[in-house]
Amino acid sequence: MAKFVKQEGVALENHVITTVTATEPFTCSWQCVDTPLCFSMNVRKLQTGLVTCELNNSSKTADRQDLMPRAGSQYHQMAEVDHCTVEDCIYKDALPAGWYKFGSKLIKLFPERRTWGQARHSCQLIGGDLMSINREDENEFISHLLGQIKIKGKGSNQITAHWILDGTDNDVSLINGATYEEEDGAKSLHLNGSGEYATTPAVDFGKTSFTIASWVKLQTPVTSQSTIYSDWSPPRQFIVDAYSTGELLFGGFNNKGLYKPWFAAGSPPIGNWFHVAAVWDRDANEARLFLDAQKVGTQPMQSDSYLRNNSHAVYDIGLKRDTDHTLRGYLRDLMIIGGALTGEELTNITDPNNEPLDGVWIGLNDVKTEGAFYWPDGSHVTYTKWASNQPDNQYGYQDCVEMRIDKGTWDDTSCGRQLPFVCEKKT
């Protein structure tokens, strides 16, 4: 059950996430209820008798300054229902200062990175604790919250695809004996340079601004192109690799029939991890290469150009398919992001220890007794959302739990990792 209250002649500007057409506002209300980050609606009746509803990812509670006069419009916002259990009633709202209300809890994501213990202390200092999750709808809400704000900057900047490359990605295929091996304390994809490679599903991103990013550790000096990630068999689309000149290369074949972008820059190290990012900023008409979040090269692009699409089903990790050259080294944390990240934003998705940002802390832990998981208040676990093959206590010291930002599933990991965190306070 959900209840909405309405206000005539106004609408919430600048927060529309989608627009739907329905026979009556009641239908739109349930569309908002079922959309995790919808908190209000702008409703207008059409001459046809139908209504058009703009679903908003905020409310006048959080952004009262954006509630503006609009003739013929009604503003609808979810309201609390008295004498109703949490399970029966649905109530959520966006609040000032980045807080959200969901049921009886106040929830906030803190992007600064802390160890699990430091994160819990930070929550306690503001009268709360690390998040406890007791129902599927709570987990879904938080998962969508992470998806909305995990990377801030130009464009949508959503993570379109994210492969951790540690054996937990069920859509990565290992070819010709490629393996996952522990390297510098983290399991990573290992390729031997003699025909081993991996594939991911193809992703449609070429007509928007985008960023392709990955951690890489090359094992030998590059004497031929060592491809990091590509779709490079006819009809070719894109390639990111360590070039034979000792530089990074960002290449593509565009809708104008030109090999552009096509430029090399930077000097990736041999035997040490480095972070590479290839960026196409369609707003600025520029392609860029970043090495460890530092811009090392640019190339101007035509305003109406974009990567030529094809019907390929997979993209390749570590393989230049037209020549069969393969990379020798390790890769992890491969991302495709639907926006042009800056160096600062690239820094925000990694940390100084080359640790990927793959999750955020929640309160679940088995610090006291291995395998006996409890929430911070000591309550027993009644709901779980473990990732495949988790928890596994890998290396024997994984006692704290993160929610993965790409899938909303849970993974036990070392409490000493530094991750963003989610706090809750009871209302």
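Reader: How many helices and strands does the secondary structure of the chain hold?

Author: Helices (H or I, at least four residues) and strands (E, at least two) are DSSP runs, numbered from the N terminus. The chain has four helices and 30 strands. This is a predicted model, in which local features need pLDDT of at least 70 and side-chain atom pairs count only at pLDDT 80 or more, while totals for chains, interfaces and linings use all residues. Residues are numbered from 1 along each chain as its sequence is written, and side-chain values use heavy atoms, with hydrogens and water left out.

Reader: What does the radius of gyration say about the chain?

Author: The radius of gyration is taken over C-alpha atoms, and the globule rule is 2.2 Å times the number of residues to the power 0.38. For 427 residues, a compact globule would have a value near 22 Å; the chain has 24 Å, which agrees. Along its principal axes, the C-alpha trace spans about 70 × 60 × 30 Å.

Reader: What percentage of the residues of the chain count as buried?

Author: Buried means under 20% relative accessible area, exposed over 50%, and partly exposed in between (1.4 Å probe, protein chains only). Of the 427 residues, 53% count as buried.

Reader: Which residues of the largest nonpolar core touch the most other members?

Author: A nonpolar core is a set of buried Ala, Val, Leu, Ile, Met, Phe, Trp, Tyr and Cys residues joined through side-chain atoms within 4.5 Å. The largest one has 39 residues, and those that touch the most other members are Trp163, Phe205, Ile228, Tyr229 and Leu331. A second, separate core of 35 residues includes Ile142, Val279, Phe373 and Ile405.

Reader: Which residues does Phe238 touch?

Author: Contact means heavy atoms within 4.5 Å. Not counting residues up to four places away in sequence, Phe238 touches Phe205, Ile212, Tyr229, Ser230, Asp231, Trp232, Gly251, Gly252, Leu307 and Tyr315. Phe238 is found in strand E17 and is buried, with a relative accessible area of 0%. Although Phe238 and Leu307 are 69 residues apart along the chain, their C-alpha atoms are separated by 7.4 Å. For the chain, among contacts between residues at least 6 apart in sequence, 67% join residues at least 24 apart.

Reader: Where do cis peptide bonds occur?

Author: Most peptide bonds are trans. In this model, a cis bond joins Pro234 and Pro235, with omega about -10 degrees. Pro235 lies in the loop between strand E16 (226-231) and strand E17 (238-242). A cis bond also joins Lys260 and Pro261, with omega about 15 degrees. The place of Pro261 is the loop between strand E18 (248-252) and strand E19 (262-265).

Reader: What is the phi of Asp292, and what is that of Asp324?

Author: Most residues other than glycine have a negative phi. Asp292, which is not a glycine, has a positive phi of about 50 degrees. This residue is in the loop between strand E21 (286-291) and strand E22 (294-300). Asp324 likewise is not a glycine and has a positive phi, of about 65 degrees; its loop runs between strand E24 (319-320) and strand E25 (325-326).

Reader: Are these two residues buried, partly exposed or exposed?

Author: Asp292 is partly exposed, with a relative accessible area of 39%. Asp324 is exposed, at 56%.
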